[in-house]
Amino acid sequence: DAMVIQNPRYQVTQFGKPVTLSCSQTLNHNVMYWYQQKSSQAPKLLFHYYDKDFNNEADTPDNFQSRRPNTSFCFLDIRSPGLGDAAMYLCATSRDGTEETQYFGPGTRLLVL
Amino acid sequence: AQKITQTQPGMFVQEKEAVTLDCTYDTSDPSYGLFWYKQPSSGEMIFLIYQGSYDQQNATEGRYSLNFQKARKSANLVISASQLGDSAMYFCAMSLSGTYKYIFGTGTRLKVLA
């Protein structure tokens, strides 16, 4: 089945220790998104790629970076995680145009000790 | 400014009954999409149903239907014959015209009672 895959499902890191979350998709979608979701809140968009064009949200902290080496894979790098970065991180894809349905992966829960 | 409002933080429904989750939106754009997602406690956001602003008929997907009232700017989700597995958080979202972004509502937590 075509899908969005996120690894790992749970990630524990230490305060200040860089961490990378990964996302892959078999849908061959052009657009990939990273969201941060804290408890009982709506997802918050961090950035998205249209193909290789990177689009950062204005309020995304510099501590968050992303890479998309090819159509299938996208990575979220947190350079120096703080306690406030503990959250669920959701990857999503959409096919091509605007107003398209976004399909989400299962998410990675990040715990910062 | 574009906005999505979900006024019900929590809802209870008896198993096998129908339930309506409210969603109102605000936009001045003529073209937009409206979406509903289900998020169980596991965290995955599951796409349920889509309604385009130009669609004449209400969208339906199995037990899910979207009651689209354009003049009232509402896009309520109706779940028929509720099941225990429907217990989850439900988010209404709207696409922003000309962008790849969504606006999400604050969500409604649904609990189905046996």
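This is a predicted model: local features need pLDDT of at least 70, side-chain atom pairs count only at pLDDT 80 or more; totals for chains, interfaces and linings use all residues.
**View 1. The contact between chain B and chain A.** Chain A contributes 27 residues to the contact, and chain B contributes 24 residues. Together the two chains bury about 1,900 Å², with 54% of this on carbon and sulfur atoms.

**View 2. Polar links across the interface.** The interface of chain B and chain A holds 1 salt bridge. It joins B:Lys101 to A:Glu57, with 3.1 Å between the closest N and O atoms. Between chain B and chain A, 9 residue pairs are in polar contact, counting pairs with both residues at pLDDT 80 or more. On the side of chain B that touches chain A, the elements giving two or more residues are β5 (33-39), β6 (46-52), β10 (88-95) and β11 (102-104) of chain B. The most come from β5(B), with 4 residues. By class, this side of chain B has 10 nonpolar, 11 polar and 3 charged residues.

**View 3. The largest pocket.** The largest pocket has a space of about 410 Å³. Its lining consists of 20 residues, and nearest its centre lie A:Ser39, A:Ser40, A:Arg109, B:Gln39 and B:Arg109. Two or more lining residues come from each of β9 (87-94) of chain A and β10 and β12 (108-113) of chain B. The lining of the largest pocket divides into 8 nonpolar, 8 polar and 4 charged residues.

**View 4. The second largest pocket.** The second largest pocket has a space of about 190 Å³. It is lined by 13 residues, with A:Tyr103, A:Phe104, B:Glu44, B:Met45 and B:Phe47 closest to its centre. Elements giving two or more residues to this lining are β10 (103-104) of chain A and β6 of chain B. The lining of the second largest pocket has 10 nonpolar, 2 polar and 1 charged residues.

Methods. Residues are numbered from 1 along each chain as its sequence is written. Chains are lettered from A and ligands numbered from 1 in the order in which they are written. Side-chain values use heavy atoms; hydrogens and water are left out. Contact means heavy atoms within 4.5 Å. Buried area is the accessible area (1.4 Å probe) that two parts lose on being put together, summed over both. A salt bridge is a side-chain nitrogen of Lys or Arg within 4 Å of a carboxyl oxygen of Asp or Glu. A polar contact is a pair of N or O atoms within 3.5 Å; within protein, one must be able to donate a hydrogen and the other to accept it, and residues adjacent in sequence count only if both atoms are side-chain atoms. Ala, Val, Leu, Ile, Met, Phe, Trp, Tyr, Cys and Pro count as nonpolar, Asp, Glu, Lys and Arg as charged, and the others, Gly among them, as polar. On a 1 Å grid over the protein atoms alone, a cavity is a set of points where a 1.4 Å probe fits but cannot get out, and a pocket is an open set with protein on both sides within 12 Å along at least five of seven lines; lining residues have an atom within 4 Å of a point. Grid points are joined across faces, edges and corners, and a volume is the space filled by probe spheres set on the points.
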